[in-house]
Each structure stands twice: as C-alpha cells, then as structure tokens.
Amino acid sequence: MTEAPRQKVSIPHLYEMREKGEIISWLTCYDFPMAQFEEHAGIEMILVGDSASMVVYGESSTLPIKMDTLIEHCKAVRRGAPTAFIIGDMPFLSYQVSPQEAVYNAGRFMKEAGCDAIKLEGGVRIAETVKAIVNAGIPVVGHIGLTPQSSSMLGGFKVQGKDAESARLLVEDAKALEKAGVFGVLLECVPTKVSMHIKKNVSCLLFGIGAGAGCDGQLLIIHDIIGLYQCFTPKFVKQYANIAPIILDALKSYKKEVREKAFPTKEHEFTIKAEELKKLEELG
Ligand code: KIV
C-alpha cells in the first residue's frame, strides 16, 4: 500500500469539513494492518474503542478491558495510520474514580500512544472530569445516549431518548459537555429526530453511531462493517463486505493442502549448497 497523500487530520480540519458540508467518516480500529487500510481509505477519524473487549478479546461487555491493553492497541494503530485523527477510548474505571486519575489516564493516551484526543462516556455527571481533562490540554469527545459501560444501569443495549423527558436529559448532557469544553459529542442509539434536536442546541461537532443522518460525522465498528464479528450485529450497522467466508475458505484450503502434502512446495522452501550439505552429512 502506498502512503495516503494527505495532511495530518486536526480538529480545525474537522470543523472545516463541517463548514463545507462534508460528513466526517469515523471507524474503530485496534491493530496495525487494519489501521493501514483505514489510513489508505482516507478515513478521517479512528477510535481505538473499548469495544476491543468484545470484538477482539471475546468478552461479553466492554468492562474488562484495561488501560494498558488499550494503550498498546493505540500504539499499533498510530503506527499504521500516521495522519488519521486517533481517539483513545477511556476504559471503565479509568476516569470515574477521580478527576485527577482521569487526567492522568487521558494523558497516557496522548503521551505514550500518540493519540489526538480521548473519548469518555457520560454527560452532566462527568462534566467536571471533562473540564479537568480539557484544562490539561487534552481534546475530548463526550459519548452519550447508549453508553455501553453503564448498560447494566440502562437495562441493556437499548435505544435512548425515546420519550420527551429522556430526550430532554440528553440535550442537557450535550450542553453540559459542550460547556465543559468538548470539541465533539457522540450520540449512540438515539432517534434521528432527537439527534437533530440536540444539534440545534450545541455548536460543537456532533457524531453519531445509530443516531441517523444529519450528524457531522458517522462512526461504526470496523468488525461489524466487514462481517468479522459474528456474535451480534446491531440494527444501525451496514455491512459493506462479508469477509468471513473468504477467511474460512482460505483456512480450509490451507488445512486440506497440509493434510494432502500439497503445501509447502519447492517455491516456499529454502536451499542449502550441495557442498554444505555434504559437510553436514559428514559431521553426522
Ligand atoms: O468502543 C467503542 O467502539 C465505542 C463505540 C461503540 C461508540 O465506544
């Protein structure tokens, strides 16, 4: 793959895109080879999401993944996508205990992994923490609506803001995040009309995952759009490719050829000079 011919994506660049009416594309990514693909495809933003807990590590929720693990994933993604705007996702318990701990952990994403910003879940209840992180010079995206780290409290992975009162609370959350200094708010699983109502109430960038058209940017999980995660596909996902049968065919062919001794052949083998082989045989 050749280098993608573009400047490093920055926050002013993202705001310029909105000015021009261009919608920002945002995908999750967790490793070097996929980061190279996303960079090459010109994806503007990459989220190294705590969804890695489920789609990479096979856990049943996002809660178990640790800071250190996500930092290593961020480093790999940065190596593969040098110009994308990379966001490190603050894992459960990395920011809820105290604003000081939150600033320290957010700083690790920037300092150790070369991220451009961090994302955390929550609105009004997390505003003071967001303020502390922004005051440390770290750009923040707030994540509201369906917030998977609190799915137990929300009663599962459900659409949020379906009645006027819960939608009003989402507007309050978005406003509180904006006041605390975020450059963007991510809405997850929110009715489109509620997203557009929120859009009228904030001036920061509005991103959506299952929040309908009309947001400034769209986010999806890479494993979902290429058919790599087989356990569950949310309604808001569009699958752009199904690579699962391609992978399975390749693995079955490999197994068959190994069993039938059709692999490896001469073209995959290394050689030794005849005189060296003779010496080896004499050595016993
Ligand atoms: O971790 C993640 O991928 C996320 C998205 C589901 C919004 O937070």
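A residue counts as buried when its relative accessible area is under 20%, as exposed when this area is over 50%, and as partly exposed in between, with a 1.4 Å probe and protein chains only. The structure described here is a predicted model, in which local features need pLDDT of at least 70 and side-chain atom pairs count only at pLDDT 80 or more, while totals for chains, interfaces and linings use all residues. Residues are numbered from 1 along each chain as its sequence is written, and side-chain values use heavy atoms, with hydrogens and water left out.

The protein chain has 284 residues, of which 46% count as buried. Its C-alpha trace spans about 85 × 40 × 35 Å along the principal axes. The chain holds 12 helices and 8 strands; helices (H or I, at least four residues) and strands (E, at least two) are DSSP runs, numbered from the N terminus. A contact means heavy atoms within 4.5 Å. Among contacts with a separation of 6 or more, 59% join residues 24 or more positions apart. The domain assignment gives domain 1 (11-243) and domain 2 (247-283), and bounds of this kind come from an automatic or database domain assignment. Taken over C-alpha atoms, the centres of domain 1 and domain 2 are separated by 46 Å.

Two packed helices are described by the angle between their axes and the distance between the axes. Here the axes are lines fitted to C-alpha atoms, for helices over the stretch in contact, and angles run from 0 to 180 degrees between N-to-C directions. Angles under 35 degrees count as roughly parallel, over 145 as roughly antiparallel, 65 to 115 as roughly perpendicular and the rest as oblique. A crossing is left-handed if the near helix is turned anticlockwise from the far one by less than a right angle, and right-handed if clockwise.

Helix α6 (residues 127-135) and helix α8 (residues 164-180) have axes that come within 8 Å and cross at roughly 25 degrees. Helix α6 is therefore roughly parallel to α8, and the crossing is right-handed. The contact involves A127, V130, K131 and V134 of α6, together with A176, L177 and A180 of α8. By class, it has 6 nonpolar, no polar and 1 charged residues; Ala, Val, Leu, Ile, Met, Phe, Trp, Tyr, Cys and Pro count as nonpolar, Asp, Glu, Lys and Arg as charged, and the others, Gly among them, as polar.

Helix α6 also packs with helix α5 (residues 99-111), at an angle of about 45 degrees and with the axes 9 Å apart. This angle makes α5 oblique to α6. The crossing of α5 and α6 is right-handed. On the α5 side, P99, A102, V103 and A106 meet T129, A132 and I133 of α6. These residues divide into 6 nonpolar, 1 polar and no charged.

Most residues other than glycine have a negative phi, and most peptide bonds are trans. L93, which is not a glycine, has a positive phi of about 75 degrees. L93 lies in the loop between β3 (85-89) and α5 and, because its relative accessible area is 49%, is partly exposed. K261 also has a positive phi, near 60 degrees. The place of K261 is the loop between α11 and α12, and K261 counts as exposed because its relative accessibility is 74%. P264 is found in the loop between α11 (244-259) and α12 (274-283), and a cis peptide bond with omega of about -5 degrees joins F263 and P264.
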